[in-house]
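Biologist: I would like to learn how to read a fold from its model. Can we start with the pocket and then move to the sheet and the cores?

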Amino acid sequence: MMWYLRVVWSHDFGEEPVEILSEIGSDGYECRKVERFRDGRVGWADDKDEVGGTGLGEVPVPPLAEINAQPEFVADRISGAEFERAWRQALDER
């Protein structure tokens with residue numbers, strides 16, 4: 001079963017995303033990802049393409065509690081519809 005994740009990342013790194021939205025497969029690996037950057041850039045990735053420096057994770061996504069245990073991250077589940085809106089918007093910007 002797929003599930004969807006948003007992670008807000010508080011940091012001062014100019015080339016890193018500040019928001020990451022992921023579609024997670026039943027195996028725990030990312031299937032699709034959208035990254036939003038502080039300067040307005042958007043990157044995305046799926047199993048065929050990587051755009052804007054965004055790539056899928058190489059290890060399974062950790063549990064929400066583990067992500068949220070790190071003070072620079074705020075992670076929560078989002079709906080499939082919310083992810084799809086972000087995905088379509090990212091593809092339209094390419």
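Biologist: How do the residues of the lining of the largest pocket divide into nonpolar, polar and charged?

Modeller: One caution to begin with: this is a predicted model. The lining of the largest pocket has 11 nonpolar, three polar and five charged residues.

Biologist: How much space lies in the largest pocket, and which residues are closest to its centre?

Modeller: The largest pocket holds about 360 Å³ of space. It is lined by 19 residues, and Val7, Ile20, Glu30, Pro62 and Ile67 are the closest to its centre.

Biologist: Which elements each supply at least two residues of that lining?

Modeller: Strand 1 (3–9), strand 2 (17–24), strand 3 (30–37) and helix 1 (64–68) do.

Biologist: Now the sheet. In what order do the six strands run, and what is the sense of the pairing?

Modeller: The general idea is that strands of a sheet pair through backbone hydrogen bonds, either parallel or antiparallel. Here the six strands form an open sheet, ordered 5-4-3-2-1-6, with antiparallel pairing. Strand 5 and strand 6 are the edge strands, since each pairs on one side only.

Biologist: Take strand 3 and strand 4. Over how many bridges do they pair?

Modeller: Four, in the antiparallel sense. Two of the bridge partners can be picked out. Valine 34 has tryptophan 44 in strand 4 as its partner. Arginine 36 is the bridge partner of valine 42.

Biologist: Which residue in the hairpin of strand 3 and strand 4 takes a positive phi?

Modeller: Glycine 40, with phi near 100°. That hairpin has four residues between the strands.

Biologist: What joins strand 4 to strand 5?

Modeller: A hairpin, again through four residues. Strand 4 and strand 5 (residues 50–51) run antiparallel and are joined by two bridges. Alanine 45 stands opposite glutamate 50.

Biologist: Let us compare two valines. Is valine 34 buried or exposed?

Modeller: In general, side chains of a regular strand alternate between the two faces of the sheet. Valine 34 sits in strand 3. Its relative accessible area is 1%, so valine 34 counts as buried. Valine 42 lies in strand 4. Valine 42 is partly exposed, because its relative accessible area is 24%.

Biologist: Which residues does valine 34 touch, not counting those up to four places away in sequence?

Modeller: The list is Glu19, Ile20, Leu21, Val42, Gly43, Trp44, Phe83, Ala86, Trp87 and Ala90. Glutamate 19 is 15 residues from valine 34 in sequence, and their C-alpha atoms are 8.3 Å apart.

Biologist: With which residues is valine 42 in contact, on the same terms?

Modeller: Val34, Glu35, Arg36, Phe37, Ala90 and Glu93. The C-alpha atoms of valine 42 and arginine 85 are 13 Å apart, with 43 residues of separation in sequence.

Biologist: Last, the cores. Which residues make up the largest nonpolar core?

Modeller: There are 10: Trp3, Leu5, Val7, Trp9, Ile20, Ile24, Val61, Ile67, Phe73 and Ala75. Strand 1, strand 2 and strand 6 (73–78) each supply at least two residues of this core. Strand 1 gives the largest share, four residues. Another core lies apart from it, with nine residues, including Leu21, Trp44, Ile78 and Ala90.

Biologist: And what is isoleucine 67 in contact with, leaving aside neighbours within four places in sequence?

Modeller: Leu5, Val7, Val61, Pro62, Phe73 and Ala75. Isoleucine 67 is also one of the residues closest to the centre of the largest pocket.

How values were computed. Residues are numbered from 1 along each chain as its sequence is written. This is a predicted model: local features need pLDDT of at least 70, side-chain atom pairs count only at pLDDT 80 or more; totals for chains, interfaces and linings use all residues. Side-chain values use heavy atoms; hydrogens and water are left out. On a 1 Å grid over the protein atoms alone, a cavity is a set of points where a 1.4 Å probe fits but cannot get out, and a pocket is an open set with protein on both sides within 12 Å along at least five of seven lines; lining residues have an atom within 4 Å of a point. Grid points are joined across faces, edges and corners, and a volume is the space filled by probe spheres set on the points. Ala, Val, Leu, Ile, Met, Phe, Trp, Tyr, Cys and Pro count as nonpolar, Asp, Glu, Lys and Arg as charged, and the others, Gly among them, as polar. A nonpolar core is a set of buried Ala, Val, Leu, Ile, Met, Phe, Trp, Tyr and Cys residues joined through side-chain atoms within 4.5 Å. Buried means under 20% relative accessible area, exposed over 50%, partly exposed in between (1.4 Å probe, protein chains only). Contact means heavy atoms within 4.5 Å. Two strands pair if DSSP finds at least two bridges between them.
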